[in-house]
Amino acid sequence: MINLYDFEHNKLEKIMLGEGQKPYRATQLFVWMYEKKVFSFDEMTDISIKFRDVLNEKYCLWLPKIFAKQVSQDGTIKLLLELHDGNKVETVLMRYNYGCAVCVSSQVGCNMACSFCSSGTLGKVRNLTPGEMVGQIMVINQILKEEGLGQHVTHVVVMGTGEPFDNYENVMDFIRIINFQKGLAIGARHITVSTCGLIDGIRKYAKEGLQTNLAISLHAPNDKLRNVLMKINKVYPLEMLMSAVKEYEFVADRRVTYEYLLLEGINDTKECANELIELIKGTKGYVNLIPYNETNKNNYKRSSGNRVHAFLDYLTKGGVTATIRKEFGSDIDAACGQLRAKAEVKI
Ligand code: SAH
């Protein structure tokens, strides 16, 4: 069975042509699937019964199943979703005053093996298909619909488990699907992809002509420290990364966000702040400071509130725009990869 959630509009048009249909059939399907959000072909009443039979025979509208659900006191919902092959991925809904944001996973596990991150401890099992990423949003939308408050997903960050640029084409198709006007119509500027620094991906992404956002997981201001925290730095050291960022800023005409986790005594010192200011000087990006979620997989400690604010002060005084990331769901397993890692142990 072919899952129709896997196809962006152009590809769906080609499939419809292959079925002897007119291209507008693809738009019709998009409206039913994403605007009207029906989950069976039989409800698609403006499609002939004959063609609905063909759809039922060869195609499906497959969505992941909710395996575990945690609801935080602040309304954050963390789902562990089961895929058709039994693999599991995490998805998180965060509620801002400006809308509902979903943190989407792009792979089952991750191969980047950053030393502070529990997602990497399980290794990469496989890439997610576009439909499995779209499915994460559809399931959250269904939960929001059941709440009856008239809300739906307005913002998407590809910051769950996985490295999106290690699954480049599928992530791009996913973006095209959710951004499509007659689909979920999530505005490009409300979509952010986060990378640990795969520079080929950054360069390609710059040329997509999208108005989407890019976040770079920086976490260290020099190669010596970044090599320890993020293995990928040995392949693409900071000089290469920063030159790709500058190229992105020029070609895409967009500024990036630098994500910077604060680990007590490791990368939260005044020296690090000064090095960071120097490193990103020639770029237009701004820094998002992330309070670290401690895990039992390593000994890194979360920087105290005082140190986080001191770091922010150093950056601000150095002329760098920086914010502290708002935290969600700290009473549930909020740290990246924790929920899946836990469930995996239980099974
Ligand atoms: N591979 C991509 C996207 C997934 S990770 C990337 O590296 O950007 C999303 C973000 O969460 C990254 O900035 C990552 O460094 C951060 N992160 C990982 N473990 C964390 C933890 N325990 N606490 C807080 N942030 C964490």
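What span should the 13 residues of helix α11 have at 1.5 Å a residue, and how far apart are its end C-alpha atoms? The points below take that up first, then turn to the ligand.

1. This is a predicted model. Helix α11 covers residues 305-317. At 1.5 Å a residue, its 13 residues should span 18 Å. The end C-alpha atoms are 18 Å apart, which agrees. The expected figure is 1.5 Å times one less than the number of residues.

2. Four names make up the buried set of α11: V308, F311, L312 and L315. Viewed down the helix axis, these buried residues fall within an arc of 100 degrees, so they line one face of α11. The face turned away from that buried side carries N306 and K317, both exposed.

3. In the side chain of E163, an N or O atom is 3.0 Å from a nitrogen atom of the ligand. The side chain of E259 has an N or O atom 3.4 Å from an oxygen atom of the ligand.

4. On burial of the ligand: taken alone, the ligand exposes 540 Å². The protein buries 94% of that area.

Note on methods
Residues are numbered from 1 along each chain as its sequence is written. This is a predicted model: local features need pLDDT of at least 70, side-chain atom pairs count only at pLDDT 80 or more; totals for chains, interfaces and linings use all residues. Side-chain values use heavy atoms; hydrogens and water are left out. A polar contact is a pair of N or O atoms within 3.5 Å; within protein, one must be able to donate a hydrogen and the other to accept it, and residues adjacent in sequence count only if both atoms are side-chain atoms. Accessible areas come from the Shrake-Rupley method with a 1.4 Å probe; for residues, only the protein chains shown count as cover. Helices (H or I, at least four residues) and strands (E, at least two) are DSSP runs, numbered from the N terminus. Buried means under 20% relative accessible area, exposed over 50%, partly exposed in between (1.4 Å probe, protein chains only). The arc is that of the directions from the helix axis to the C-beta atoms.
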